[in-house]
Amino acid sequence: MKKSISALLIAAALIFSATTVFAASGSSLFSSEGCIACHAINGQGGSVGPDLSHVGSHRSLSWLKIQITHPSEHFAAGTTANINGQSYQSIMPGHSNMPASKLNALAAYLESLK
Ligand code: HEC
């Protein structure tokens, strides 16, 4: 009985730390993958692309994954994208080679920004 309780506690601790790492890596990927050069979150970053501080309130997780990997499926390259009442040149590079683990963490982070 004692053994199973400690096994349970270890499992809970592992799940907790995995969730924490998951959440942290989404925001650090935003910098390390270069998104921050063109996009700002909470006042930090570039303005070539739209501000993403509240992007999760108007875009779904699956929409965000497509935008990261194949942005031209949403906004044809070289045209003007109208997002939240602002116009942008559609120049976002596709990140089609991003590993699924990074893509999932980054998209989940963005989706959490309400
Ligand atoms: C060279 C500049 C540039 C880089 C780098 C860039 N983007 Fe973008 N992004 C844009 C532009 C411009 C748009 C407007 C539409 C388009 O071009 O597809 C956009 C649109 C978006 C949108 C849609 C926002 C909305 O409110 O609908 C999301 C989400 C997004 N980018 C996320 C990212 C992420 C995540 C990264 C990093 C992996 C990234 N972008 C890298 C320029 C960039």
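Leaving aside its neighbours within four places in sequence, with which residues is Tyr-109 in contact? In this predicted model, Tyr-109 is in contact with Gly-26, Ser-27 and Phe-30, where two residues are in contact if their C-beta atoms, placed from the backbone, lie within 7 Å. Because the structure is a predicted model, local features need pLDDT of at least 70 and side-chain atom pairs count only at pLDDT 80 or more, whereas totals for chains, interfaces and linings use all residues. Residues are numbered from 1 along each chain as its sequence is written.

The protein has 3 helices and 4 strands, and its pattern, read along the sequence, is α-β-β-α-β-β-α. Helices (H or I, at least four residues) and strands (E, at least two) are DSSP runs, numbered from the N terminus. Of the 114 residues, 15% count as buried; a residue is buried if 20 or more other C-beta atoms lie within 10 Å of its own, exposed if 12 or fewer, and partly exposed in between, with C-beta atoms placed from the backbone. Among the contacts with a separation of 6 or more, 59% are accounted for by residues 24 or more positions apart.

Tyr-109 is found in helix H3 and is buried, with 23 other C-beta atoms within 10 Å. At 1.5 Å a residue, the 12 residues of H3 should span 16 Å, which agrees with the 16 Å between its end C-alpha atoms; the expected span is 1.5 Å times one less than the number of residues. Leu-110, leaving aside neighbours within four places in sequence, is in contact with Leu-52, Val-55, Gly-56 and Leu-64.

The largest nonpolar core has 12 residues in all, including Leu-29, Phe-30, Cys-35, Leu-52, Val-55 and Tyr-109. Such a core is a set of buried Ala, Val, Leu, Ile, Met, Phe, Trp, Tyr and Cys residues joined through C-beta atoms within 7 Å. Two or more residues of this core are given by each of helix H1 (2-32), helix H2 (61-69) and helix H3 (100-111), and the largest share, 5 residues, comes from H3.

Of the 28 residues around the ligand, those that come nearest are Cys-35, Cys-38, Gly-49, Pro-71 and Met-92, a residue being near a molecule if its C-beta atom, placed from the backbone, lies within 6 Å of it. By class, this shell has 19 nonpolar, 7 polar and 2 charged residues; Ala, Val, Leu, Ile, Met, Phe, Trp, Tyr, Cys and Pro count as nonpolar, Asp, Glu, Lys and Arg as charged, and the others, Gly among them, as polar. At least two residues of the shell are supplied by each of H2, strand E3 (80-83), strand E4 (86-89) and H3, with the largest share, 3 residues, coming from H2.

E3 and E4 pair in the antiparallel sense over 4 bridges, pairing being assigned if DSSP finds at least two bridges between two strands. Ala-81 stands opposite Tyr-88 in E4. The two strands form a hairpin with 2 residues between them, and Asn-84 in the turn has a positive phi of about 55 degrees.

Gly-46 lies in the loop between strand E2 (44-45) and H2 and is partly exposed, with 13 other C-beta atoms within 10 Å.
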